[in-house]
Amino acid sequence: MRPGGLLLAFGALLWAGSVLAHPLDVAALEMRGQHGELSVLFDLPAPLAFELCNLDPDKQSPQGVASSADALVREALASGALTGDGAPCIWEPGAKARIEGIRLFLEARAICPHAPEKLAWSLPVLRNAPPALRVLGKAIVDGKTQEFLLSPRLVSVELQGAPPPGAGRFVEMGVEHIG
């Protein structure tokens with residue numbers, strides 16, 4: 001083998017080692033909503049969730065996670081502001097949390113004062129996540145689908161909702177009801 005080939009092979013091994021040593025952490029965040037009522041599902045690696053939410057080790061079992069659902073939502077989802085047209089949306093109690101394999105799933109609901117044209121959400125808990133974390137997001141709000149990406153450097157998202165019904169929609173609804 002030529003010296004250049006050996007150097008190239010050695011470089012490839014070093015690169016492969018660094019890739020394997022620093023896997024990309026991936027989480028998923030899905031928001032569905034209509035008329036100001038929002039449902040959120042957050043799927044992230046359980047060990048990362050425990051660390052970010054400072055969950056006591058004795059609560060890191062499936063039963064402990066289920067009983068800590070509201071606290072996990074407060075830390076992971078409600079740690080920053082969720083607003084609809086600038087007005088705060090309120091997180092409802094009764095969140096659900098479950099572990100499946102090495103993943104933690106949080107399910108929660110939030111209510112906005114009205115059907116917002118613009119949703120803004122900040123998740124400052126992500127600032128404490130490893131730099132490689134990427135949160136793939138999808139929002140389906142009032143029939144409009146939007147995708148977004150969050151990371152430790154990008155912890156906020158703004159989503160545009162459906163515009164308020166205008167005169168055209170009012171006439172259309174009248175025609176639907178009258179026949």
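Two strands pair if DSSP finds at least two bridges between them. Strands (E, at least two residues) and helices (H or I, at least four) are DSSP runs, numbered from the N terminus. The model is predicted: local features need pLDDT of at least 70, side-chain atom pairs count only at pLDDT 80 or more, and totals for chains, interfaces and linings use all residues. Residues are numbered from 1 along each chain as its sequence is written, and side-chain values use heavy atoms, with hydrogens and water left out.

**Exercise 1. Describe how strand β9 is joined to strand β10.**

Step 1. β9 covers residues 134–141 and β10 covers residues 144–150. The two run antiparallel, joined by 7 bridges.
Step 2. Take Val141. Its bridge partner in β10 is Lys144.
Step 3. Turn to the hairpin. It has 2 residues between the strands, and Asp142 takes a positive phi near 50°.

**Exercise 2. Find the largest cavity and classify its lining.**

Step 1. On a 1 Å grid over the protein atoms alone, a cavity is a set of points where a 1.4 Å probe fits but cannot get out; lining residues have an atom within 4 Å of a point. Grid points are joined across faces, edges and corners, and a volume is the space filled by probe spheres set on the points.
Step 2. Search the whole structure. There is 1 cavity of 30 Å³ or more. The largest cavity holds about 30 Å³.
Step 3. List the lining: Phe42, Leu44, Ala49, Leu52, Cys53, Ala76 and Val125. β2 and α2 (46–52) each give two or more of these residues.
Step 4. Classify. Ala, Val, Leu, Ile, Met, Phe, Trp, Tyr, Cys and Pro count as nonpolar, Asp, Glu, Lys and Arg as charged, and the others, Gly among them, as polar. The lining of the largest cavity has 7 nonpolar, no polar and no charged residues.

**Exercise 3. Is Thr83 buried or exposed, and what does it touch?**

Step 1. Locate Thr83. It lies in strand β3 (residues 82–84).
Step 2. Apply the cut-offs: buried is under 20% relative accessible area, exposed over 50%, partly exposed in between (1.4 Å probe, protein chains only). Thr83 is buried because its relative accessibility is 17%.
Step 3. List contacts (heavy atoms within 4.5 Å). Leaving aside neighbours within four places in sequence, Thr83 contacts Pro88, Cys89, Lys118, Leu119 and Ala120.

Technical notes:
On a 1 Å grid over the protein atoms alone, a cavity is a set of points where a 1.4 Å probe fits but cannot get out, and a pocket is an open set with protein on both sides within 12 Å along at least five of seven lines; lining residues have an atom within 4 Å of a point.
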